[in-house]
Amino acid sequence: MKHSKRLMKCVMAGALCVAMTMPVLADTKADVTNQINTLESQASDLESELSSMKANKTSLESYIAELDTKIKSTLSDLNTVSDEIEQTNEEITVAKKNLKKAEADQKTQYDALKARIKAIYESDEDASFFRVLLQDADLKSVLNSQEYKSRINMYDYDLYTNLEETTQKILDYEQELGEKQANLEKNKDTYQQQMDELNVILDERQSELSSLDESMQAAYSDISDIQSQIDAQNNKMYAILADEKKTAERQKQRQKRLRQKHLKRKHLRRRHLKIIRQIHHHHGMEQFFHQVMVSCMDRQGKKLTIILI
């Protein structure tokens, strides 16, 4: 087991050493071009998504603005109803006070009339009349009877009747205010419900807008990162193109030197042939062959030289 573990460690160490000593292959022009095309395609997709998100944001902001307008309008209606309710409550308070006073005045006048009727009833002159009148009638019936009106002061009658009418008007007004207050409270509840619903929708849309802003920021960040990678790949491409240009320039210079060397050799050969012809013309065939042999031996050097003997 120990041997096996030791062997495994050696294998892993050897693999690591091999990986560290392996040469890193440089990116080729085709590799860099493919990388740039892939990154530009990714950036284009993100730009399309970002454009769609911008359109959604514009639409969402417009909808939120409409919601805000509705909320402000509903809030204004709610405040108006609340003010009307407060005013109606004040009117009801005043009406109750007036009703209490009117009922008290009516009771006072009622008691005064009862006392007056009692005084008349107890007098000998009208006792028999009021006994008959009050047997089966209430005070209101007595007051409305023609016999009573003809026997007492009309001021008492008019005063009591006016108090009664005033009391009834106040009662009617108080009931009207109560109905008005109930309707206002109902309207207030309706506006409040609308406000609550609109606020819930507004919160949801604002949450969507916040999420959309985060997505847009992430897209901007991704596009920026991809652009940085594209710039890095472009720098690699510039370096590759510069190396290609340098290599081409070196190749061009090498070809130029080779051409110059070739021309120089060609010129030397022509010159040598000319010299050989001259030797052949002046010294004959034997001397020619001897000279050619000497010249061939001298070609082992860097420079071709013909030695004349």
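Let's start with a charged pair: in this predicted model, the side chains of Glu 204 and Arg 205 meet in a salt bridge, with N to O at 3.7 Å. Glu 204 is partly exposed, at 41% relative accessibility, and Arg 205 is partly exposed as well, at 21%. Since buried means under 20% relative accessible area, Arg 205 at 21% falls in the partly exposed class.

Arg 205 has another partner to look at. Glu 208 also forms a salt bridge with Arg 205, and here the closest N and O atoms are 3.3 Å apart. Both Glu 208 and Arg 205 belong to helix H6, where they sit 3 residues apart, about one turn of the helix. Glu 208 counts as partly exposed, with 39% relative accessibility. Through shared partners, the salt bridges join Glu 204, Arg 205 and Glu 208 into one network.

The model has 6 salt bridges by the rule used here, and one of them pairs the side chains of Asp 213 and Lys 57 at 3.1 Å, N to O. Asp 213 lies in helix H6 and Lys 57 in helix H2, so this pair ties together parts that are 156 residues apart in sequence. Asp 213 is partly exposed, with a relative accessible area of 27%, and Lys 57 is partly exposed too, with 23%.

What makes up the largest nonpolar core? This core has 11 residues in all: Leu 39, Ala 43, Leu 46, Leu 50, Met 53, Leu 212, Met 216, Ala 219, Ile 223, Ile 226 and Ile 230. The elements that give two or more residues to the core are helix H2, spanning 29-122, and H6. Of the contributors, H6 gives the most, with 6 residues.

Another place to look is Ser 73, which lies in helix H2. Ser 73 and Met 195 are 122 residues apart in sequence, yet their C-alpha atoms are 9.7 Å apart in space. Ser 73 is partly exposed, with a relative accessible area of 41%.

To finish, move along to a patch of charge on the surface. Lys 261, Arg 265, Lys 266, Arg 269 and Arg 270 form a positive surface patch. One of these residues, Arg 270, lies in helix H6, which covers residues 154-297. Is Arg 270 buried or exposed? Arg 270 is exposed, because its relative accessible area is 53% and the exposed class begins over 50%.

Conventions
Residues are numbered from 1 along each chain as its sequence is written. This is a predicted model: local features need pLDDT of at least 70, side-chain atom pairs count only at pLDDT 80 or more; totals for chains, interfaces and linings use all residues. Side-chain values use heavy atoms; hydrogens and water are left out. Patches are made of residues with over 30% relative accessible area and no salt bridge: like charges are joined within 9 Å, nonpolar side chains (Val, Leu, Ile, Met, Phe, Trp, Tyr) within 5 Å. Accessible areas come from the Shrake-Rupley method with a 1.4 Å probe; for residues, only the protein chains shown count as cover. A salt bridge is a side-chain nitrogen of Lys or Arg within 4 Å of a carboxyl oxygen of Asp or Glu. Lys and Arg count as positive and Asp and Glu as negative; His and the chain ends are not counted. The place of a charge is taken as NZ of Lys, CZ of Arg, CG of Asp or CD of Glu. Helices (H or I, at least four residues) and strands (E, at least two) are DSSP runs, numbered from the N terminus. Buried means under 20% relative accessible area, exposed over 50%, partly exposed in between (1.4 Å probe, protein chains only). A nonpolar core is a set of buried Ala, Val, Leu, Ile, Met, Phe, Trp, Tyr and Cys residues joined through side-chain atoms within 4.5 Å.
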